[in-house]
Amino acid sequence: MNCAILGYGTVGTGVYKLLTDKEKDIFQKSGSNIRVKWVYDRSFRRIKDYPLPSEVCTKDPDVIFNDPDVHCVIELIGGIEPARTFIFNAIRKGKHVVTANKAVLSASGPEIWKEAESNGVLLGYEASVGGGVPVIKTVKESLVGNRISTIVGIMNGTANYILSRMTKERKDYHEILKDAQRLGYAEADPTFDVEGYDTAHKLAILSMLTFGQKFTQDDIYTEGITRIAPLDIDFAKELGYRVKLLAIGRLNDDGVMLRVHPTMIPDTHLLAQVDGAFNAFYFVGDEIGKMLLYGMGAGQGPTASAVVSDLVDIARLKGHCSMKPLQTKVLSKASLKKVPVASLNSRYYFRFSAVDRPGVLAKISGILGEYGISIQSVVQKGRKEKGAVPIVMLTHEACEENVCQALKKIDSLDVTMEKTVLIRIEDLSALE
């Protein structure tokens with residue numbers, strides 16, 4: 001099977017290297033010779049990392065689309081455009097496609113799936129979620145006999161690496177971010193990872209597969225980790241929790257609620273033990289009960305491994321397209337209500353920054369009471385220097401809409417110095 005790689009960056013290099021170095025192993029396992037005929041890149045800046053024969057290199061993508069001997073196109077450019085256009089071009093030329101592009105799939109997945117079906121080609125996208133963790137294949141194949149009610153995941157290695165080190169070392173977010181950038185765990189511009197957008201793209205893809213309806217990033221409440229301080233990590237530890245950036249998808253009688261935000265979870269739960277750049281995906285199904293997948297969620301090797309997994313599937317099925325296991329019927333005709341996060345009922349952690357004088361606590365608790373928010377416990381530590389002191393409160397279950405209104409009023413008080421830090425608390429057993 002002849003294939004072409006679009007994009008010779010970190011992952012493109014890893015895919016070419018894996019297909020070249022392990023050619024014999026792949027043949028033994030798949031029964032097919034997978035050969036790279038073309039590699040497209042605009043600059044080939046990474047060619048020094050793993051040199052390419054000059055005859056496979058091209059800076060003209062149309063050479064690939066118009067070559068009848070290319071059976072499969074591997075899109076590894078990233079971003080929305082020109083990646084989306086390239087994917088459609090390849091499909092319309094009758095070529096199978098493998099992609100690691102979560103941004104394109106979260107925005108245009110159903111349209112791409114429909115186009116692939118119309119043109120009788122296969123589409124593989126295992127590498128778009130979870131890197132080397134086979135979460136897409138598990139949802140599409142292993143769990144088809146289940147009605148999945150819950151998805152909870154740690155889906156971004158950069159954010160998890162930062163929070164893990166903050167937990168273990170009590171260092172500031174910005175200090176650890178610099179280390180993560182130096183070590184290659186974070187991009188020069190880390191916004192996509194630390195603000196939760198990357199996680200939201202992945203949750204959108206998994207939700208479409210699991211719940212059978214189109215979801216985009218706009219349907220997902222998204223909040224990042226940049227306001228989490230070592231003080232919050234310390235309080236969480238004292239209270240028996242760990243802070244994780246979680247993606248949560250929950251199906252109930254009201255519809256589907258999708259959200260991404262920092263979350264306190266019990267330190268005894270399996271997800272609380274997932275550290276560093278690892279990813280984990282926790283599902284609850286009516287037949288399987290609880291299931292956890294765990295592994296490296298990013299990086300050259302794990303992502304290349306997932307890409308090659310899709311290539312092998314396509315190679316095995318070439319000439320037997322009626323089976324089409326990669327072409328899962330993604331969207332159902334049923335319309336599920338998209339439940340807004342404002343209707344969420346949860347427990348909450350608040351950290352107020354307030355002046356140290358009599359009556360402050362009464363003012364804050366009075367406003368919370370106005371909005372029906374019941375306080376479970378209060379922790380107020382003594383002031384070590386002039387200025388504000390932290391006041392930490394844990395609440396009983398409350399409505400998100402009421403919480404937001406109360407905090408807006410509290411933050412406008414002349415006794416509060418900074419915007420309140422809010423972290424939702426999840427008793428994960430309640431999600432089941």
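Student: How is the protein chain divided?

Tutor: This is a predicted model, so treat every value as computed. The chain is divided into domain 1 (2–129 + 301–317), domain 2 (135–296) and domain 3 (341–431).

Student: What separates the centres of domain 1 and domain 2?

Tutor: Taken over C-alpha atoms, the two centres are 27 Å apart.

Student: And how many residues are in contact there?

Tutor: On the domain 1 side, 15 residues. They touch 17 residues of domain 2.

Student: How much area do domain 1 and domain 2 bury between them?

Tutor: About 1400 Å². Carbon and sulfur atoms hold 66% of that.

Student: Which residues in domain 1 lose the most area to domain 2?

Tutor: Lys 102, Ser 106 and Val 129. Together they give 42% of what the domain 1 side buries.

Student: What about charges? How many salt bridges does the rule find across that interface?

Tutor: Three, between domain 1 and domain 2.

Student: How far apart are the closest N and O atoms of Glu 111 and Lys 214?

Tutor: They are 2.9 Å apart, and Glu 111 forms a salt bridge with Lys 214.

Student: How many residue pairs are in polar contact between domain 1 and domain 2?

Tutor: The count is five, with both residues at pLDDT 80 or more.

Student: Which helices supply the side of domain 1 that touches domain 2?

Tutor: Helix 5 (102–118) and helix 12 (300–317) each supply at least two residues. Helix 5 gives the largest share, eight residues.

Student: What classes are the residues on that side of domain 1?

Tutor: Eight are nonpolar, three are polar and four are charged.

Student: New topic. How many aromatic pairs are in the whole structure?

Tutor: The search finds nine.

Student: Where in the chain are Tyr 40 and Phe 86?

Tutor: Tyr 40 is in strand 2 (residues 35–40) and Phe 86 is in helix 4 (residues 83–92). The pair links distant parts of the chain, 46 residues apart.

Student: Last one, the backbone. Is the peptide bond from Glu 81 to Pro 82 cis or trans?

Tutor: Cis, with omega near 10°. Pro 82 lies in the loop between strand 4 (72–75) and helix 4.

Student: And is phi of Phe 44 positive or negative?

Tutor: Positive, near 55°. Most residues other than glycine have a negative phi. Phe 44 is in the loop between strand 2 and strand 3 (57–58).

Conventions:
Residues numbered from 1 in each chain as written. Predicted model: local features only at pLDDT ≥ 70, side-chain atom pairs only at ≥ 80, totals over all residues. Heavy atoms only, no water. Domains from an automatic or database assignment. Contact = heavy atoms within 4.5 Å. Buried area = accessible area lost by both parts, 1.4 Å probe. Salt bridge = Lys/Arg side-chain N within 4 Å of Asp/Glu carboxyl O. Polar contact = N/O pair within 3.5 Å; in protein donor to acceptor, adjacent residues only side chain to side chain. Helix = DSSP H or I, 4+ residues; strand = E, 2+ residues; numbered from the N terminus. Nonpolar A, V, L, I, M, F, W, Y, C, P; charged D, E, K, R; others polar. Phe/Tyr/Trp six-rings, centres within 6.5 Å; stacked < 30°, edge-to-face > 60°.
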